[in-house]
Amino acid sequence: MTKIKVMDELLSNKIAAGEVVERPSSVVKELVENAIDAASTSIQIELVEAGLQKIEVTDNGDGMDREDAELAFSRHATSKLLTEHELFRIRSLGFRGEALASIAAVSKIWMQTSTGEGSGTQLTMEGGRSKNVQDGPLRKGTIIRVEQLLYNTPARLKHVKSIQTELGHSIDLINKLALSYPSIAFTLIHNGQTLLQTSGRGNLQQVAASIYGTGTVKQMIAFEAENEDFKITGLTSQPTVTRASKNYLTIFVNGRWIKHFGLNRAIEEAYHTFLPIGRYPITLLSITLDPLLSDVNVHPAKHQIRISKEKELELFVTKTLREVLRGKQDIPKMTVPK
Ligand code: ADP
Ligand code: MG
């Protein structure tokens, strides 16, 4: 008699959820990234009790037809990646096809989605099991509601911190996504109160102003530089504006917010002689590169990436920011629209 058995999908999804769903903000991240990938121009995120009770994301993106709506919750089901060839050329934020399956395995889901054609779909799930599928409204886009997150994984639920801490993670995340996508109108609501609202008019300074305050953003310098491999753009604070934490160093690679020790250090290096020890600038650094030069398939949460020519990129960032700080770049006078 054999001892080895292939696990059923429900169990394997629950195990994968351990990596994908660390806390409420991980769910927010996956749902909002899906909305971005679906070409939405308006995304509303509503949280109750920091998302522990409810996370609802409403978008006006492409939506799904009935068949896709049901398939979306299966493991390894994705519309974004079909061949191995594509794995090295990823332009979307998602590609693993496991977020919805993982989230559904540890929560109760309600979803309405429609492509705007035929009929809309409304479905409910509980602990990864489909409960009900029926016709829904025809409004193009998707609403996904996740309730009672981690209700069936008590050990993980115990590790979730206070409402304030968890909410902090989600606010931070939405701020960063809004900064990365100024052309998308984001609204974040917590317990009925609007915490962030961006216009979606595509102005980075304006989004930054709604997050850091107009006064601060007026003291930030816009920069742009390009070499044969990388294009970098963004905003960085004058040395008079500093913060006590590196949390204000925000880096995007091809629109994806990433955490990258080497690039953080490259920014700090540029400010080396300008700032006292323990003080950091506010920097938004957006890097565009050929997806062939990066590997985002490092961890299921996808906030780490590997970059080829990493050292060259870091040097380029330091050099550019140094020139900006020394005033060598022709800096257009910045206006912050109201
Ligand atoms: P991935 O994003 O890696 O493809 P997910 O599990 O997050 O995997 O989503 C599975 C699929 O469901 C996506 O590839 C996409 O086709 C569809 N989907 C999920 N969310 C949305 C949405 N908000 N709008 C349109 N399609 C969506
Ligand atoms: Mg996804």
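Trainee: What is the mean pLDDT of the chain?

Mentor: The model is predicted, and the predictor gives the complex an ipTM of 0.99 and a pTM of 0.91. Within the chain, 97% of the residues reach a pLDDT of 70 or more. The mean pLDDT of the chain is 91.

Trainee: Which elements give two or more residues to the shell around ligand 1?

Mentor: Around ligand 1 there are 23 residues, of which Asn-34, Ala-72, Thr-78, Ser-79 and Gly-94 come nearest. Two or more residues of the shell are given by each of two elements, helix 2 (24–37) and helix 5 (99–105).

Trainee: What span should helix 2 have, and how far apart are its end C-alpha atoms?

Mentor: Helix 2 has 14 residues, and at 1.5 Å a residue these should span 20 Å. Just after helix 2, Ala-39 takes a positive phi of about 65°.

Trainee: How many of the residues of helix 2 are buried?

Mentor: A residue is buried if 20 or more other C-beta atoms lie within 10 Å of its own. By that criterion helix 2 is mostly covered, and of its 14 residues the number buried is 13.

Trainee: Is Lys-246 buried, exposed or partly exposed?

Mentor: Lys-246 lies in the loop between strand 10 (230–237) and strand 11 (249–253). Leaving aside residues up to four places away in sequence, Lys-246 touches Asn-264 and Tyr-280. Because Lys-246 has 14 C-beta neighbours inside 10 Å, it counts as partly exposed.

Trainee: What distance separates the C-alpha atoms of Lys-246 and Pro-281?

Mentor: Along the chain, Lys-246 and Pro-281 are 35 residues apart. In the model, their C-alpha atoms are separated by 7.8 Å.

Trainee: Which residue of strand 10 does Ile-221 stand opposite?

Mentor: Strand 9 (residues 220–226) and strand 10 run antiparallel and are joined by seven bridges. The two strands form a hairpin with three residues between them. In strand 10, the residue opposite Ile-221 is Thr-236.

Technical notes: Residues numbered from 1 in each chain as written. Chains lettered and ligands numbered in written order. Predicted model: local features only at pLDDT ≥ 70, side-chain atom pairs only at ≥ 80, totals over all residues. Near = placed C-beta within 6 Å. Helix = DSSP H or I, 4+ residues; strand = E, 2+ residues; numbered from the N terminus. Expected span 1.5 Å × (residues − 1). Buried ≥ 20, exposed ≤ 12 C-beta atoms within 10 Å, placed from the backbone. Contact = placed C-beta atoms within 7 Å. pLDDT = per-residue confidence, 0-100. Pairing = 2+ DSSP bridges.
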